[in-house]
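Colleague: I'd like to learn how to read a structure like this one. Could you walk me through it, feature by feature?

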Amino acid sequence: MKIMSGWSLIRIATILVYLFLFAPVAVVILLAFNANQFGGFPIEGFSLRWFDALWNNDAIVRAFKTSLLLGLLTSAVSTTLGTLAALAMVRYDFPGKRTISTLLVAPILIPEVVLAVALLLFLQFLSMPKSFGLLLMGHVVFTLPFVVLVVQARLVSIRRDVEEAAMSLGATPIQTFFEITLPLMLPAVMAGMLFSFTISFDDITGTLFWKPGGVETVPTQIFAMLRNSISPEINALGAVMVIFTIALPLVAASVSRVLSMRKIRASNRTNNRANNSSEQTA
Amino acid sequence: MAADIAGERRAPWVLLSPSLATVGLLLIIPMLFIVVYSFWLRTATGADQVGFYLDNWIEVLGDRFYRDILFQTFAIAFYTTVICAFVGYIPAYFVANTPMKSKAFLLLMLMLPFWISYIIRTMSWINILGTSGALNTLFLSIGIIDEPIQMLYNQTTVVLGLVHYLLPFMILNVYVSLDGIDKNLTEAAQSLGCTGWQAFREVTLPLSMPGLAAGSLLCFVLAAGTYITPIVLGGPRDAMFANLVFEAIVTQLNWPLGSALSLVLLALLGVLVVIYTRYLGVDQIAKSFK
């Protein structure tokens, strides 16, 4: 009896912690639909006017485009580099592996402010001004370790013998990579892309150091708007961001699940057919 | 055959070279550069005077102002970490010991905050605690207060914002180590006469220490390096060390001084990371990505 009550206390505490994590964000979304013109309570009815205002705010639309472009480029570069590195780490044994591994995760261990300062000052010293390119470089360095870790964790489960089977059946290493390894790696690569995109899309600490004057991403735009006062537009923008960053991973997850299900079903079908034909020949 | 072996030996380096070049050129060399840079001087004309001057370091290490803010930064990071450890342990324990079906859901919910923008999560507290926020509106309507009270813009709200941001890191890290504990161990302890609480204190808690330590390190390092939260949720006197770095670099354009400041932050947090890896290894942190 006593253990039961202890367990239910833990359950209640857990629910409270989850509430603590989500309630403030839920309030942002709630207030985004509030008709009140000052962006706070009380609730004065349902309205979409703030989303309309967002859409017509050039600065916000521009920031959104910048963030999107930056996120996509970062994710493309970072995932390519990170996947190659993860392959090397999982597939090969070589001298100095531990050092390399530490080096690859180093950007996580260094506070982002320090990383931002170092990169900014170094490039300024080389007379390279703040630019979109600097933002991209910064985001790539910053997201790379996450991609390496995420892809590495998922690569471990891909068995080597499938590739060896392909090669022993006459496929060249390059053929094997594109026909066998890459399709098997696809979920890992997609996870890496998603991770780096979201981190880049959300980043503010480094971005504030690196961004050229006049260029804003969505987070820095929100930050700039916050300095005046909290407006209902910020809540609406927050709601859009939340929906964007949560819907994206969920859609990606279900797409990859559907894809892998289809692949399993397809391979089952081929297996069955192979079995049938071998039975017939027998 | 010999060519094959050489190729096999070269392959990992070919795969690694783009990443290593990126980290080397955009992280390692810039880091070394700011070490050198911190000994230069920014003259009144705005040009850098190359040389070996200790002025920046004397200013950073000798000035009371910097020391006070450094102390305040570590205090805020410390409170945040302790609160995260206490508040985060319970849900981690619940998730680790709950039946499989709700576990997947609870874990997914724990991942969600990572996908929600940090600036949104930080500013969301203005909607709760601000003068026209949820709490003030509630208190006014039931008549506890006559006019809105100012709850925001102090050190407590900075810690609150940081806890809200960092709690998922703590919960996940503790969860990972709790989940790896063999359930038979606690059962064995109880069958040998331990009470449930004793079994937890003597078996579960010590075994979950690596996760708790990894989570604490992450929370502390991330909290000590923030400068957005104190600007959004803190008052004018709640500046943290990273705010000084930003001021020096972006506002005052005193880059050598900014280099020295960021190196102080790096060195102090680096000591923590080194102590930690000395005893527990980096692997624990990597575990939570699986």
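Colleague: Let's start with one residue: is B:Leu253 buried or exposed?

Modeller: First, the ground rules. This is a predicted model, where local features need pLDDT of at least 70, side-chain atom pairs count only at pLDDT 80 or more, and totals for chains, interfaces and linings use all residues. Residues are numbered from 1 along each chain as its sequence is written, while chains are lettered from A and ligands numbered from 1 in the order in which they are written. Now the idea: a residue is buried if 20 or more other C-beta atoms lie within 10 Å of its own, exposed if 12 or fewer, and partly exposed in between, with C-beta atoms placed from the backbone. B:Leu253 is exposed, because 12 other C-beta atoms lie within 10 Å.

Colleague: And where in chain B is B:Leu253 found?

Modeller: Helices (H or I, at least four residues) and strands (E, at least two) are DSSP runs, numbered from the N terminus. B:Leu253 sits in the loop between helix H12 (241-251) and helix H13 (255-280) of chain B.

Colleague: Which residues does A:Thr217 contact, leaving aside its neighbours within four places in sequence?

Modeller: Two residues are in contact if their C-beta atoms, placed from the backbone, lie within 7 Å. For A:Thr217, the partners are A:Ala63, A:Thr66, A:Ser67, A:Leu70 and A:Thr207. A:Thr217 lies in the loop between helix H9 (205-210) and helix H10 (218-228) of chain A. A:Thr217 is buried, because 28 other C-beta atoms lie within 10 Å.

Colleague: How many helices and strands does chain A have?

Modeller: Eleven helices and zero strands. Of the 282 residues in chain A, 40% are buried. Among its contacts with a separation of 6 or more, 76% join residues 24 or more positions apart.

Colleague: How many residues does each chain bring to the contact between them?

Modeller: Chain A brings 70 residues and chain B brings 67. Helix H1 (residues 2-32) of chain A supplies the largest share of chain A's side, 14 residues. For classes, Ala, Val, Leu, Ile, Met, Phe, Trp, Tyr, Cys and Pro count as nonpolar, Asp, Glu, Lys and Arg as charged, and the others, Gly among them, as polar. That side of chain A has 58 nonpolar, nine polar and three charged residues.

Colleague: Which residues touch the most other members of the largest nonpolar core?

Modeller: A nonpolar core is a set of buried Ala, Val, Leu, Ile, Met, Phe, Trp, Tyr and Cys residues joined through C-beta atoms within 7 Å. The largest has 149 residues, and A:Val117, A:Leu119, B:Leu166, B:Val245 and B:Leu265 touch the most other members. Helix H7 (residues 155-179) of chain B gives the most to this core, 16 residues. Beyond four places in sequence, B:Val245 has contacts that include A:Val113, A:Val117 and B:Leu265.
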